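Please keep the sequence and the 3D view open while reading.

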Amino acid sequence: MPAMETAPVATSSFSSSRILVPLRSSAAGASRKYAQFPQRSFISFYLAPSFSFTSPTKCNSAVKYLKPPSRFTAFSSSPLASTPPEQTPCPELAVLLEVDGVLMDAYRLGNRQAFNAAFRKLGLDCANWTEPIYMDLLRKSTGDEERMLLLYFNRIGWPTSLPTSEKDTFVKNVLQEKKKALDDFMASEDSPLRPGVEDFIDDAYDEGVPVAVMTTYGKSDEKVARSVIKKLGEARMSKIKIVGNEEIGRSLYSQLVLGQGVSSGLDEQLARQVQKAASAEKQRVAEEVASLLNIEKVVVALRAAAEIAGHRVQDCVLVSGSQSGVVAAKRIGMPCIVLRSSSTSRAEFPSANGILDGFGGADLTISKLLKKRWSGSQNS
């Protein structure tokens, strides 16, 4: 039997490294031939592409995680390389969404009220933050909530029964009560989702782009994050994938690379290391250790989410509202777009691929992601 001809490969600006993809003959027992396809580099994500996506409304959901890049079939003249219409692959894109600052900007809507609820809970009747007071403290502290409290009580006076040596403990107690109040607000029916996020998810579904929502890291715990997701409604929730501790534990990445119980294992490791460095002279070390371990936890979540979405990490885009998400995405070569929120309005994200103000219109849309182009990109 004559050897099968290798499908021609189009030249592109991608990396010169190769992927060997087996081409099978339709006859039984035929030997394999290999075609060399150019492998995409991460940098090509935010360069203007020399081609356009052709994305069907409905596509085959059985996308393989390690499947060879489907875009190369468009350049092949071999009839064997064509894909039947009913098996048209999804666009080579998946979107990962954080909850805090992305699905909901709770800090814009409920942060001030959460502080006032904490003051009432602790019996601090003299403390009440009006909108002007809150905005002034926010500006002077550059968003550092502990510093906001220090500035405020230095101004109006500390509780008379509070010893000077216990000021730090007092501040931590206020912040703890404030977090509980903010979590209650996020889970309540009164707190709306971020404008445009529902249309963004619908558009992704129509274009065959998988959407995964991350619930395993952020300022809110997983239970609160899932309560926020429920605001999307059952119909829309059926269009997305939720990535929590349970889903990560079942992922192939978690089981083969990190072993079972990765999330709880990292949390225990974090607790042990922080305890070791808990003394005052080692506080800086404790904070560094906690930061590093938190990034590792986010990396695990992002890799598992890419697997669950059925795409390589290079083909996923993280829509983030946190520094930890941006840093972790950068570490594994995952493109990342930041949506600014009230808590990050003055923050800098030098390693992000773009910084936008919200969903829809001139900001973040599925159409722009499919074209690998968006307004406000730092690296366009």
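## Basis and terms

Helices (H or I, at least four residues) and strands (E, at least two) are DSSP runs, numbered from the N terminus. The model is a predicted one, in which local features need pLDDT of at least 70 and side-chain atom pairs count only at pLDDT 80 or more, while totals for chains, interfaces and linings use all residues. Residues are numbered from 1 along each chain as its sequence is written, and side-chain values use heavy atoms, with hydrogens and water left out.

## The chain as a whole

The chain contains 13 helices and eight strands. Of its 380 residues, 43% count as buried; buried means under 20% relative accessible area, exposed over 50%, and partly exposed in between (1.4 Å probe, protein chains only). The accessible surface of the chain is about 19,900 Å², and carbon and sulfur atoms account for 52% of this. Such areas come from the Shrake-Rupley method with a 1.4 Å probe, and for residues only the protein chains shown count as cover.

A contact means heavy atoms within 4.5 Å. Among contacts between residues at least 6 apart in sequence, 65% join residues at least 24 apart.

## Nonpolar cores

A nonpolar core is a set of buried Ala, Val, Leu, Ile, Met, Phe, Trp, Tyr and Cys residues joined through side-chain atoms within 4.5 Å. The largest one has 38 residues, and the members that touch the most others are Val95, Leu97 and Leu364. With residues up to four places away in sequence not counted, valine 95 touches Phe200, Val209, Pro210, Val211, Ala212, Val317, Val319, Ile366 and Leu369. A second, separate core has 30 residues, including Val300, Ala304, Ala305 and Val326.

## Helix α1 and its partners

Helix α1 covers residues 106-121, and its buried residues are Ala106, Tyr107, Gly110, Asn111, Ala114, Phe115, Asn116, Ala118 and Phe119. These buried residues pack against α2 (131-141), α3 (145-156) and α4 (167-187). Just after α1, glycine 123 has a positive phi of about 75°.

The axes of α1 and α4 lie 7 Å apart, and the two helices pack at an angle of about 130°. Axes here are lines fitted to C-alpha atoms, for helices over the stretch in contact, and angles run from 0 to 180 degrees between N-to-C directions. Angles under 35 degrees count as roughly parallel, over 145 as roughly antiparallel, 65 to 115 as roughly perpendicular and the rest as oblique; α1 and α4 are therefore oblique to each other. Their crossing is right-handed. A crossing is left-handed if the near helix is turned anticlockwise from the far one by less than a right angle, and right-handed if clockwise.

## Helices α2 and α3

Helices α2 and α3 pack at about 120°, with axes 9 Å apart, and are therefore oblique to each other. Here too the topic is handedness: α2 passes α3 in a right-handed crossing. On the α2 side the meeting residues are Ile133, Tyr134, Asp136, Leu137, Leu138, Lys140 and Ser141, and on the α3 side Arg147, Met148, Leu151, Tyr152 and Arg155.

Alanine 301 lies in helix α11 (residues 283-309). Alanine 301 is buried because its relative accessible area is 0%. Apart from residues up to four places away in sequence, alanine 301 touches Met214, Thr216, Tyr217, Val243 and Ile248. The C-alpha atoms of isoleucine 248 and arginine 303 are separated by 8.9 Å, although the residues are 55 apart along the chain.

Helix α12 (residues 323-332) contains alanine 329. The buried residues of α12 are Ser324, Gly325, Val326, Ala328, Ala329 and Ile332. Alanine 329 has 0% relative accessibility and so counts as buried. Beyond its neighbours within four places in sequence, alanine 329 contacts Leu302, Leu318, Met334 and Cys336. Just after α12, glycine 333 takes a positive phi of about 75°.

## A loop residue

Glycine 196 sits in the loop between α4 and α5 (197-206). At 33% relative accessibility, glycine 196 counts as partly exposed. Its C-alpha atom is 9.4 Å from that of leucine 103, a residue 93 places away along the chain.
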